[in-house]
Amino acid sequence: MGSDDKIVDVNFESLLRIFTVPEAPDSTLGNIEQKLSQNLNEFLREHIVAEEKPLSEIEKDFSDAAIPEIPSFVSEHTQHLLDTVVSHSVHTSAPSFIGHMTSALPYFLMPLSKIMIALNQNLVKIETSKAFTPLERQVLGMLHRLIYGENDTFYQQWMHSAEHSLGAFCSGGTIANITALWVARNNALKADGQFQGVEKEGLFNAMMHYGYKGMAILVSERGHYSLKKAADVLGIGQHSLISVKTDDQNRICPTSLEQTIRDLKAQNIKPFAIIGVAGTTETGNIDPLDSIADIAEREQCHFHVDAAWGGATLMSNNYRHLLKGIERADSVTIDAHKQLYIPMGAGMVLFKDPSAMKSIEHHAEYILRKGSKDLGAHTLEGSRSGMAMLVYSSMHIISRPGYELLIDQSIEKAQYFADLIEQQPDFELISKPELCILTYRYVPASTQQALALASATEKAEIHQYLNELTTFIQKSQRENGRSFVSRTRLTPKKWDRMETNVFRVVLANPLTGKDILHSVIEEQRVIAQSSPVLLPKIKALTEKILQS
């Protein structure tokens, strides 16, 4: 350290400054704030490095486990963050990065987030969130009305009732799904006679009392991985999350669902919840919600809809019919940090019955007192930030018709991209978009002809090479840093349910133009044709099949 280098003193006066005095406008932090306000996407494009740095190299910047003994200047530390964190972060808002479910954010959320952080409200109780509590209840009412469409009298009666709750804010879809199934389990194993309920006596005593050999949750093969966590946390075990067959459009088969229920009941296993998916993570498809609702009503099962992704589609009067039947669900999960364009950490679960959450109600003398409107009485999480304010603001600034435009353009853009893929002789559309997610892969035109003629063994061999080629293209494109699509594995009926690696794109970002979609395809074609090993192998096998 040179003699001219400044060192920050550790004294109470300097500590008070960082609590009260902002950085100068021309400081590093001041410049960042100004640039973020002027053009958020431009700032990110300038500061996030396009080329991917190996994680092992990034880890070297974060290898010291000692808490610093000497404090840093704010501007110096800000520069450190720019160099080590910002530069190697994922540019989730980039228009050409179409593999993520996160998207570009409206600029106004930046300054509004500062208000939210400065207020630092804790939504667990009224004493630390006085105005935020009714605000959050209103937001839950808005989403409840979007789903269930009750009248003004209903919301005047229940929205701010201390004894009831229309739902809960949480950190995301995982906690929302766990909360919904927690309510379902407790209502299925509620107090009965001398039995005080599963929440007091535990799962073993509950099963003994009701005479069940086991409990089960049913969901399609495309159910989100968070549901396994829910089964684990609720004590029924991951094996009791039962997967039900899907059709060619990745939707649950109602006949298979009914047969599965019959099989479980024959083993004295209680199916207490059925989940319909409204926007699967991999393909964006929507289960036949009306048919599931019929079955759930008949079987007296809790009907939960995981609409973490697709729930925002209800904002569009042009496409909300795709979710027909969701209004019959007992509970619904929606993630605001997906297609409501809110920063990460804003999930919600809504309940049709304002009394449903009484089964998980908790009270304590110093907090969450009976009769109070403390939101923490009905949430799995305790202390929570005021993310509801950002949803509240977006609902007012963007409005429902604004969200309708965003939803409509995303669905129509996906349809355009699907048509574009089908026009390419060397690409194959795997799953057509129902919302704004679709999957596809690169397959040379001659290889497509060969697959139609190939034996089962030859077909399997070609598919193995194509899977490896898909992986090669996706990794190369990501490392090039110009664009990004994600990758998943499906079992299309067209290819005899063989495991098939596919590209997956999510077209929710309103900044993504059609020119970018064309460039993504072209870049993938160039990468494929540059493959030094895989493409020659595929072509050789293709020629062999076509000549035989």
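Helices here are DSSP runs of H or I with at least four residues, strands are runs of E with at least two, and both are numbered from the N terminus. Gln300 is not a glycine, yet its phi is positive, about 55°. Is Gln300 buried or exposed? With a relative accessibility of 70%, Gln300 counts as exposed. For that term, buried means under 20% relative accessible area, exposed means over 50%, and partly exposed is in between, with a 1.4 Å probe and protein chains only.

Before going on, a word on the source: this is a predicted model, where local features need pLDDT of at least 70, side-chain atom pairs count only at pLDDT 80 or more, and totals for chains, interfaces and linings use all residues. Residues are numbered from 1 along each chain as its sequence is written, and side-chain values use heavy atoms, with hydrogens and water left out.

Asn120 also has a positive phi, near 50°, and is a residue other than glycine. Asn120 lies in the loop between helix 6 and helix 7 (132–148), and at 63% relative accessibility Asn120 counts as exposed.

Now the whole chain. There are 19 helices and 11 strands. The radius of gyration is 26 Å, close to the 24 Å that the globule rule gives for 548 residues, so the chain is as compact as a globular protein of that length. That radius is taken over C-alpha atoms, and the rule is 2.2 Å times the number of residues to the power 0.38. Along the principal axes, the C-alpha atoms fill a box of roughly 80 × 80 × 45 Å. Of the 548 residues, 51% count as buried. Among contacts with a separation of 6 or more, 71% come from residues 24 or more positions apart, where contact means heavy atoms within 4.5 Å.

What does Ser103 touch, not counting residues up to four places away in sequence? The partners are Thr92, Ser93, Tyr341, Ala508, Asn509 and Pro510.

Last topic, the rings. The structure holds 9 aromatic pairs. Rings of Phe, Tyr and Trp (its six-membered ring) pair if their centres lie within 6.5 Å; planes under 30 degrees apart are stacked, over 60 edge-to-face, and the rest tilted. One of the pairs is Tyr210 with Tyr212, which is stacked, at 5.8 Å centre to centre and 10° between the planes. Tyr210 is partly exposed at 24% relative accessible area, and Tyr212 is partly exposed at 22%.

Then there is Tyr440 with Phe503: the ring centres are 5.2 Å apart and the planes are at 55°, so this pair is tilted. The pair links distant parts of the chain, with Tyr440 in strand 9 (residues 437–442) and Phe503 in strand 11 (residues 500–506), 63 residues apart. Tyr440 is buried, at 0% relative accessibility, and Phe503 is buried, also at 0%. Which residues form one aromatic cluster with Tyr440 and Phe503? Phe417, Phe427 and Tyr442 are in that cluster with them.
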